[in-house]
Amino acid sequence: MNILYDERLDGAAPKLDKTAIRDSLAQDVPGLTLLHREEDLHPFECDGLSVYRTLPMLVALPETLAQVEQLLKTCHRLGVPVVTRGAGTGLSGGAMPLEHGVLLVLSRFSRILEIDPEARIARVEPGVRNLAISEAASPYGLYYAPDPSSQIACSIGGNVAENAGGVHCLKYGLTVHNVIKVEVLTIEGEHMTLGSDALDAPGFDLLALFNGSEGMLGVVTEITVKLLPKPETAKVLMASFDDIEKAGNAVGSIIAAGIIPGGLEMMDNLAIRAAEDFIGAGYPVEAAAILLCELDGVEADVDDDCETVRRVLEAAGATGIQQARDDAERALFWAGRKNAFPAVGRMSPDYYCMDGTIPRRELARVLKGISDLSEQYGLRVANVFHAGDGNMHPLILFDANTPGELDEAEALGGKILELCVEVGGTITGEHGVGREKINQMCAQFRPDELATFRAAKAAFDPTGLLNPGKNIPTPARCSEFRTIKSAAADPAKQG
Amino acid sequence: MDKTATTPHDHDASESLAERIRQASATGTPLRIVGGDTRGFYGRPTEGEVLSTAEHRGITFYDPVELVVSVRSGTPLAELEAALAEQGQMLPFEPPRFGEASTVGGMVATGLSGPRRPWAGSVRDFVLGARVLGHEGIEQRFGGQVMKNVAGYDLSRLMVGAQGTLGLLTEVTFKVLPRPGASRSLHLDISLEEARNRLADWGREPLPISAAAWLEGALHIRLEGGPSSVAATRERLGGDELDEKFWPALRDLKLDFFGQGDASARASDRPLWRLSLPHRTASLGLADAAEASMIHDWAGAQCWVRSAIDAETLRSACRRVDGHATYLGACGGPGSDEPFTPLPSVLLKYHRNLKAELDPKGIFNPGRLYAAF
Ligand SMILES: Cc1cc2nc3c(=O)[nH]c(=O)nc-3n(C[C@H](O)[C@H](O)[C@H](O)COP(=O)(O)OP(=O)(O)OC[C@H]3O[C@@H](n4cnc5c(N)ncnc54)[C@H](O)[C@@H]3O)c2cc1C
Ligand SMILES: Cc1cc2nc3c(=O)[nH]c(=O)nc-3n(C[C@H](O)[C@H](O)[C@H](O)COP(=O)(O)OP(=O)(O)OC[C@H]3O[C@@H](n4cnc5c(N)ncnc54)[C@H](O)[C@@H]3O)c2cc1C
């Protein structure tokens with residue numbers, strides 16, 4: 001089942017007169033940069049899920065909040081859909097444009113408004129890059145904890161919208177745990193503040209609701225994040241295993257020993273070789289799997305914990321354990337991991353990144369399932385994941401120019417996600433549903449649950465103008481999904 | 001171990017709760033959801049047929065290695081915490097217990113956290129998922145039993161602190177953590193001003209502080225973490241040894257400051273208020289004596305006041321610094337009509353919209369949070 005916007009399944013698209021809308025916006029929103037020529041629109045036709053492209057009707061690049069507010073009011077009045085875009089690094093097609101909509105690009109809002117080292121907070125505009133916050137806080141000995149691998153490029157507004165995670169989330173939490181306040185504009189152009197500079201705010205926890213809401217409920221225009229003191233020390237152990245299942249079990253054993261590592265990541269052989277080839281991180285290319293375990297905190301405790309973890313890894317059957325000698329080597333170990341996606345990308349014309357999350361105890365079973373599926377579909381799969389969180393990133397290698405291979409890759413991806421749901425997990429841990437997993441939402445949730453999601457959306461955007469077609473599938477799409485699934489299941493039963 | 005041993009009280013009452021909700025929905029009868037009935041002093045009085053979760057008890061899933069526990073809403077909080085303690089684990093947000101009857105559902109619906117909150121996070125930070133009976137009396141699952149989940153909107157965290165106005169929680173899944181390896185407490189006899197300055201300095205260092213409250217001329221500190229760092233920090237901070245029992249007494253509002261017994265004792269002339277303030281709030285601009293007589297918990301981010309100051313004076317002082325004030329006195333007191341800080345108009349509009357969408361017949365705890373819904 002295709003994921004591109006399909007009026008039959010996703011609802012009728014409004015009939016819009018591009019020239020008239022352009023004229024209205026130009027008139028209502030003084031000074032707004034509005035792109036409309038085809039060649040100017042091309043750079044915006046996709047996000048990080050680049051196999052899917054749609055040319056937006058118009059692209060708006062506002063520079064002031066007054067412009068954003070007025071743009072929303074005009075679009076609301078004229079019934080024009082609005083898709084918000086941060087840096088466009090999303091991997092689920094969340095910022096994929098609509099042919100009949102305006103793409104609202106917030107990349108020009110890139111100022112850090114305030115760093116308050118005493119209160120340990122930073123107040124920033126939505127287009128600020130994730131890493132820029134930690135860079136600005138660094139002189140005060142502080143940093144912003146969530147660190148998606150895309151942190152040099154992705155925006156904090158996009159992080160809020162996806163509830164982004166990173167390699168340090170098991171210990172330091174996701175975006176939702178590190179944002180204390182956001183300023184929001186509704187589709188009607190009204191302003192509201194969610195959360196506060198204090199540790200809570202009166203009323204419903206709308207701040208939690210907006211984290212991970214994929215631009216469906218409002219436009220986030222300012223974000224206040226909390227900053228943490230940099231740990232006194234951080235040490236990394238790299239353990240190699242000759243069997244991926246042993247590596248999986250070692251993850252549970254570390255946590256069972258009462259240790260919450262700052263980061264706990266796993267890569268399989270294909271990913272190890274790709275990363276080593278690309279970065280030269282010193283990874284053991286013969287290993288079936290490696291675990292990277294970072295322990296951070298106060299020097300004395302970290303030394304104690306390193307000893308404990310070393311013992312646990314040995315008992316779990318590690319064939320080699322190496323501790324990074326210094327910060328440079330530690331950075332190198334992480335560089336291999338953080339560049340794993342592009343590294344795998346070099347091995348294949350295209351790759352497709354999955355994001356299923358499972359209970360850790362099911363790791364071995366799911367890896368086995370993935371390897372069986374990979375064989376069945378004849379497509380290689382490299383595994384990189386946030387092992388501590390049970391968040392897997394199987395990377396499916398394919399060639400979009402070989403007819404049919406994209407479809408096969410997608411079908412394989414869909415099967416992997418359904419496997420994750422089957423073992424009690426979820427189809428997305430941090431990349432979001434967007435357009436990409438719109439069909440699998442029908443597998444994870446029942447019709448009444450999806451109806452509740454639609455009700456929550458309707459509370460903020462009753463006419464459905466914000467990012468239509470994303471995140472929550474329509475009943476029509478789910479009934480088609482179920483029909484196709486049962487049709488596919490029947491012949492299998494006979495055969 | 002995937003499950004704890006069941007207790008004789010374990011019982012799945014979700015179907016009868018669902019049936020009651022379906023009936024209430026059909027007749028438009030408001031319901032007053034009751035867990036252990038221990039937090040009646042928190043929130044507005046609500047009229048409605050009592051719907052008790054007390055029968056719906058038991059831990060349905062617990063895997064210490066996975067750091068995940070799922071528990072039915074009527075389970076006493078004490079029972080859950082005991083099961084976790086057996087495995088050397090805990091609810092890191094240190095929820096207050098206002099009595100042995102306090103339930104997990106009431107804890108989540110009120111969303112109150114204890115002294116560790118600024119360092120560890122709040123109730124909602126540790127909620128991974130929830131089962132909720134919505135207005136149609138169908139049990140729905142949001143979030144899950146995994147650490148990360150961004151499929152659909154985060155409705156499980158939305159339920160935290162919603163006081164049962166958006167639906168009835170039947171089961172909640174939490175992330176739990178190992179108990180710290182070491183814990184020491186101390187107190188330093190220093191002024192409020194001095195305490196603020198030291199906390200600000202310490203906050204920029206990775207010290208193992210897990211609680212900090214200033215009251216009655218002394219800063220009370222708890223250190224938790226690895227034995228080595230706790231011992232070293234204890235040495236460095238100096239001061240006198242503090243009995244660990246201080247923290248549960250502060251958490252459960254049992255210190256002398258709070259007055260003996262229930263809400264009625266707090267009523268009369270000096271009702272209790274909770275102020276939620278940004279870290280490093282220098283002063284609220286109230287009389288010095290008033291500020292010195294408060295408890296400044298959460299390193300200053302949560303203050304307890306017993307005062308006859310009128311609601312508006314207190315609230316505008318809080319608003320100036322981006323904080324808010326909650327009334328916890330008894331019925332008929334100066335804040336009982338509006339115990340929670342009133343919402344700005346746009347925010348109120350979207351609260352009403354959300355309530356109308358998720359509880360169109362207005363059957364769940366109407367008026368408990370705000371008169372408008
Ligand atoms: C190589 C690579 C590695 C990655 N690694 C990780 C990782 O480790 N962890 C992780 O979580 N993600 C990761 N990602 C995914 C991606 O970087 C994150 O989802 C990121 O949060 C997206 O931010 P963005 O600014 O690029 O958002 P966009 O892609 O522009 O938008 C994403 C979504 O957010 C909405 N949105 C954006 N800004 C706003 C706003 N201001 N208000 C309202 N809605 C808004 C959009 O409508 C869209 O739905 C990775 C991506 C790549 C390419
Ligand atoms: C100042 C004041 C005085 C009051 N005086 C009276 C009085 O004199 N008489 C009277 O009848 N009432 C009074 N009330 C209100 C009444 O006490 C509460 O509505 C009721 O007792 C709450 O029950 P409760 O404590 O469950 O306990 P808890 O179990 O502690 O619950 C606390 C909150 O969580 C909600 N909740 C509990 N479990 C769930 C669940 N599973 N799912 C969703 N929500 C849940 C409850 O509805 C309640 O809002 C007063 C309230 C205030 C603020």
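Modeller: A residue is called buried under 20% relative accessible area, exposed over 50%, and partly exposed in between (1.4 Å probe, protein chains only). This is a predicted model, in which local features need pLDDT of at least 70 and side-chain atom pairs count only at pLDDT 80 or more, while totals for chains, interfaces and linings use all residues. Residues are numbered from 1 along each chain as its sequence is written, chains are lettered from A and ligands numbered from 1 in the order in which they are written, and side-chain values use heavy atoms, with hydrogens and water left out.

Biologist: What makes Phe210(A) and Phe460(A) an aromatic pair, and of which kind?

Modeller: Rings of Phe, Tyr and Trp (its six-membered ring) pair if their centres lie within 6.5 Å; planes under 30 degrees apart are stacked, over 60 edge-to-face, and the rest tilted. Phe210(A) and Phe460(A) are 5.4 Å apart, centre to centre, with 85 degrees between the planes, and the pair is edge-to-face. Phe210(A) sits in helix H9 (residues 206-210) of chain A and Phe460(A) in helix H18 (residues 447-460) of chain A, so the pair ties together parts 250 residues apart in sequence. Helices (H or I, at least four residues) and strands (E, at least two) are DSSP runs, numbered from the N terminus. Phe210(A) is buried too, at 2% relative accessibility.

Biologist: What kind of pair do Phe460(A) and Tyr350(B) form?

Modeller: Their ring centres are 5.4 Å apart and their planes lie at 5 degrees, so this pair is stacked. Phe460(A) belongs to helix H18 of chain A and Tyr350(B) to helix H12 (residues 345-358) of chain B, so the pair joins two chains. Tyr350(B), with a relative accessible area of 1%, is buried. Over all chains, the search finds 16 aromatic pairs, and one aromatic cluster is formed by Phe204(A), Phe340(B), Tyr370(B) and Phe373(B).

Biologist: How many residues are in contact between chain A and chain B?

Modeller: Contact (heavy atoms within 4.5 Å) involves 88 residues of chain A and 67 residues of chain B. The area buried between the two chains is about 6,500 Å², and carbon and sulfur atoms give 58% of it. In chain A, Leu199(A), Pro202(A) and Phe204(A) lose the most area to chain B, together 13% of what that side buries. Buried area here is the accessible area (1.4 Å probe) that two parts lose on being put together, summed over both.

Biologist: What makes Asp63(B) and Arg361(A) a salt bridge?

Modeller: The term needs a side-chain nitrogen of Lys or Arg within 4 Å of a carboxyl oxygen of Asp or Glu. For Asp63(B) and Arg361(A), the closest N and O atoms are 3.8 Å apart, so the pair meets the 4 Å rule. The count between chain A and chain B is 11 salt bridges, and over all chains the search finds 61.

Biologist: How do you know that Arg77(A) and Asp28(A) are linked, and which parts do they tie together?

Modeller: Their side chains meet at 2.7 Å, N to O, in a salt bridge. Arg77(A) lies in helix H4 (residues 65-78) of chain A and Asp28(A) in helix H2 (residues 18-28) of chain A, so parts 49 residues apart in sequence are tied together. Arg77(A) has a relative accessible area of 55%, over the 50% limit, so Arg77(A) is exposed. Asp28(A), at 23%, falls in between and counts as partly exposed.

Biologist: Where do Arg22(B) and Glu19(B) lie?

Modeller: Both are in helix H1 (residues 14-27) of chain B, three residues apart, about one turn of the helix. An α-helix has 3.6 residues a turn, so residues three or four places apart point the same way. The side chains of Arg22(B) and Glu19(B) form a salt bridge at 3.1 Å, N to O. Arg22(B) is partly exposed at 32%, and Glu19(B) is partly exposed at 35%.

Biologist: Which parts of chain B does the pair Arg131(B) and Glu171(B) tie together?

Modeller: This salt bridge has its closest N and O atoms 3.6 Å apart. Arg131(B) is in strand E6 (residues 127-133) of chain B and Glu171(B) in strand E8 (residues 168-175) of chain B, so the pair ties together parts 40 residues apart in sequence. Arg131(B), at 31%, counts as partly exposed, whereas Glu171(B), at 13%, is buried. Salt bridges that share partners also join Arg446(A), Asp448(A), Glu449(A) and Arg141(B) into one network.
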